[in-house]
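Please look over the sequence and the 3D structure shown here before reading the report.

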There are 2 protein chains.
Amino acid sequence: MSLDRPSELQAGDARAPRQQPATLRDVAEAAGVHATTASRALNPKAQQLVNAETVRRVRRAAEELGYQPNPIARSLKTSKSSTVGLVIPDLTNPLFPPIVRGIENVLESAGYSALIVNTDNDPQRERALIESLRSRQVEGLIIATALLDHPLLQQLQQQDVKIVLINRRIENLRMPFVVGDDATGIGLAVKHLAALGHTRIAHLAGPQTTSTGVVRSRAFRHAVRDNGLEEDPALIVECAHWSEEDGAGAMRELLDRGTRATAVVAGNDLIALGCYDVFADRDISCPEDVSVVGFNDMPFLDKLRPPLTTVGVPHHELGAEAARMLLDSIDEPERYPRSLLLPVSLILRDSTAAPPA
Amino acid sequence: MSLDRPSELQAGDARAPRQQPATLRDVAEAAGVHATTASRALNPKAQQLVNAETVRRVRRAAEELGYQPNPIARSLKTSKSSTVGLVIPDLTNPLFPPIVRGIENVLESAGYSALIVNTDNDPQRERALIESLRSRQVEGLIIATALLDHPLLQQLQQQDVKIVLINRRIENLRMPFVVGDDATGIGLAVKHLAALGHTRIAHLAGPQTTSTGVVRSRAFRHAVRDNGLEEDPALIVECAHWSEEDGAGAMRELLDRGTRATAVVAGNDLIALGCYDVFADRDISCPEDVSVVGFNDMPFLDKLRPPLTTVGVPHHELGAEAARMLLDSIDEPERYPRSLLLPVSLILRDSTAAPPA
DNA sequence: TTAGTTAGTGCAATCGATTGCGATGGCCAG
DNA sequence: CTGGCCATCGCAATCGATTGCACTAACTAA
């Protein structure tokens with residue numbers, strides 16, 4: 001009988017149910033050594049403390065018994081849980097699943113797992129969830145809900161909680177972050193529209209309580225100036241949330257107060273989707289009457305009517321880098337906090353065209 | 001100074017940094033009792049074993065010290081981790097985020113957390129991930145990757161692992177599951193098309209290795225017969241995966257071999273999306289030339305060109321019920337396994353219309 | 001020969017909470 | 001006055017792995 005899948009065998013093996021999984025002591029006994037030695041033999045970092053032949057014996061015994069170290073016991077002793085917390089607004093926002101997968105990918109290969117919580121943008125809830133995460137002994141936090149003014153995060157930082165921010169940052173806090181290069185993304189979008197011949201471009205800005213919101217709208221204003229376009233403050237309207245609904249509201253406001261514009265760069269794809277809704281209601285056709293560009297390139301944008309031009313952000317990489325960073329800072333707590341700005345790219349589809357004559 | 005947020009206070013409190021969080025023994029000492037008593041005083045189930053006054057003292061001490069029980073130590077002793085594993089194919093599939101949120105909602109209120117893993121439909125990976133989940137001492141598993149023939153699940157069942165299946169089931173295994181009512185969903189779709197006047201309806205079936213796939217295609221055949229429509233085997237083509245790509249492939253196959261059909265009911269929304277791709281390539285217009293109905297009502301289907309008619313499944317509820325079920329079976333291991341069939345509804349949009357004259 | 005290394009291993013404490021069992025003292029019935 | 005019951009509470013073992021320290025040989029250097 002083969003021994004390479006012991007944990008499966010024991011299931012079908014009638015004579016030795018061995019309900020309890022093998023413990024380190026069982027292995028030690030089987031190998032004829034003390035648990036201490038077994039522990040060291042199994043631990044790569046301590047392996048050189050024990051005789052090579054002994055190591056072999058122990059490893060073989062471990063394999064035969066299908067030994068799996070109990071991570072809970074280990075955690076208790078070492079006070080490392082091999083777990084990190086991931087705090088996002090809402091998993092249901094298509095922006096996040098790819099990020100989560102990126103994070104889990106690198107966590108997985110390091111033997112870590114993520115505990116995911118959704119705050120629904122409720123600070124109360126966020127506080128409670130983070131509290132519960134901490135009580136579960138997470139070793140660090142990846143946070144996607146950062147606000148420009150975020151007392152909770154400041155507090156956590158003071159308490160030496162390891163944190164990396166993702167997708168959003170906090171400007172005056174020295175806290176590592178991984179974000180897309182929003183400014184050049186917006187720059188690309190405006191330039192593209194300008195090249196098409198647009199001169200009055202509107203911006204449906206995201207909430208100015210988030211770095212993403214302010215960076216993008218600042219970049220928009222700069223791009224407008226750099227491209228010599230019309231700088232009318234009325235062309236900028238802010239959304240309170242990164243949502244389709246708020247996007248629609250902003251678009252309606254723009255239309256209702258009669259601000260002329262032949263193109264709009266939306267704070268993100270959801271906001272752009274809101275524009276689509278308004279267009280449908282009011283018989284405006286895109287891109288003939290007005291061009292739209294989104295931000296993020298969330299899935300299925302190419303199936304829209306019309307397929308949405310947007311700026312693509314490497315979500316998977318964003319997540320992966322954030323996880324790598326957190327892991328690093330867990331390994332070397334003293335390391336100076338790095339931050340990353342990942343490159344973005346304009347993805348041309350059919351929602352942008354030359355302005356109406 | 002208020003005492004209701006001790007863990008925050010201690011951060012800013014210069015004189016007593018108390019780096020280490022308070023332990024049960026600290027609380028006991030502060031209350032002038034033994035740790036045993038403190039433990040019982042804090043545990044609702046054991047509280048009646050200790051004097052009411054003592055309970056008060058202990059609780060006060062706990063509060064003052066900002067005591068948070070260490071779940072790891074607790075887990076070690078009780079071998080309960082308050083954690084369950086969630087096994088899905090790919091979080092990036094829009095079907096899953098709402099399910100996950102439903103699950104986490106009920107888990108959260110029970111003090112449980114979920115560890116999410118993505119198998120990418122790779123059995124090897126699935127096995128390894130479940131192994132790792134188990135080594136993390138999860139108390140149960142919610143599995144969305146069930147195949148009709150799934151030896152691993154059978155094994156787990158024999159090893160008394162608590163499992164509830166979600167979205168898919170295994171017919172001959174007595175394992176609790178929560179699924180949408182696929183059969184009546186398909187029935188609704190076919191009936192709707194029949195009422196519109198279609199007589200040759202195609203079915204782009206999902207993989208017949210999954211219960212969802214076979215149930216839906218079986219229901220399709222029955223519905224066709226019940227509505228007195230044409231029963232041409234050529235009208236049914238199977239997709240190897242629940243993907244846009246495979247959906248497109250199936251649609252192309254149907255077209256290429258010249259099978260006439262004025263409507264197609266897709267195994268799910270992704271497959272329907274694949275049809276859209278082919279339509280775009282071949283200048284077929286939907287719904288004028290051919291009607292399409294999907295399944296699941298994943299997000300943003302209403303923004304498609306044309307908005308997709310589909311059958312809506314209560315994803316959030318699906319997740320919530322599955323979690324409830326798992327929790328129940330953890331609490332009362334002997335309870336007879338229940339299963340749930342949640343009601344679905346046809347969601348009419350613009351991808352279905354009367355057949356061309 | 002003797003002191004001093006060094007490699008290899010074991011002892012026992014420890015992480016923080018839980019729990020079976022036993023001890024204590026008060027109180028009541030007989 | 002004595003035995004017994006009950007309400008309270010503490011002792012100590014336990015969960016499974018890790019690790020500082022000590023111990024034993026065997027070996028080296030002087």
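The report below goes from the whole chain to single residues.

## Basis of the report

This is a predicted model, in which local features need pLDDT of at least 70, side-chain atom pairs count only at pLDDT 80 or more, and totals for chains, interfaces and linings use all residues. Residues are numbered from 1 along each chain as its sequence is written, chains are lettered from A and ligands numbered from 1 in the order in which they are written, and side-chain values use heavy atoms, with hydrogens and water left out.

## Overall form of chain A

The C-alpha trace of chain A spans about 90 × 45 × 35 Å along its principal axes. Its radius of gyration is 27 Å, whereas a compact globule of 357 residues would have one near 21 Å. This radius is taken over C-alpha atoms, and the globule rule is 2.2 Å times the number of residues to the power 0.38.

Chain A is assigned domain 1 (6-69), domain 2 (81-180 + 315-342) and domain 3 (182-313); such bounds come from an automatic or database domain assignment. The centres of domain 1 and domain 2 of chain A, taken over C-alpha atoms, lie 36 Å apart.

## Surface and contacts

Of the 357 residues in chain A, 50% are buried (under 20% relative accessible area; exposed is over 50%, partly exposed in between; 1.4 Å probe, protein chains only). Chain A exposes about 16300 Å², and carbon and sulfur atoms supply 49% of that area. Accessible areas come from the Shrake-Rupley method with a 1.4 Å probe; for residues, only the protein chains shown count as cover.

Among contacts in chain A with a separation of 6 or more, 69% join residues 24 or more positions apart. Contact means heavy atoms within 4.5 Å.

## Helices and strands

Chain A has 13 helices and 12 strands. These are DSSP runs, numbered from the N terminus: helices are H or I with at least four residues, strands E with at least two.

Strands pair if DSSP finds at least two bridges between them. Strand E9 (residues 291-296) and strand E10 (residues 309-312) of chain A pair in the parallel sense over four bridges, with A:Asn296 bridged to A:Gly312 in E10(A). E10(A) also pairs with strand E12 (residues 345-347) of chain A, in the antiparallel sense over three bridges; here A:Thr310 has A:Ile347 as its bridge partner.

## A:Glu288

A:Glu288 sits in the loop between helix H12 (269-282) and E9 of chain A. A:Glu288 counts as partly exposed because its relative accessibility is 47%.
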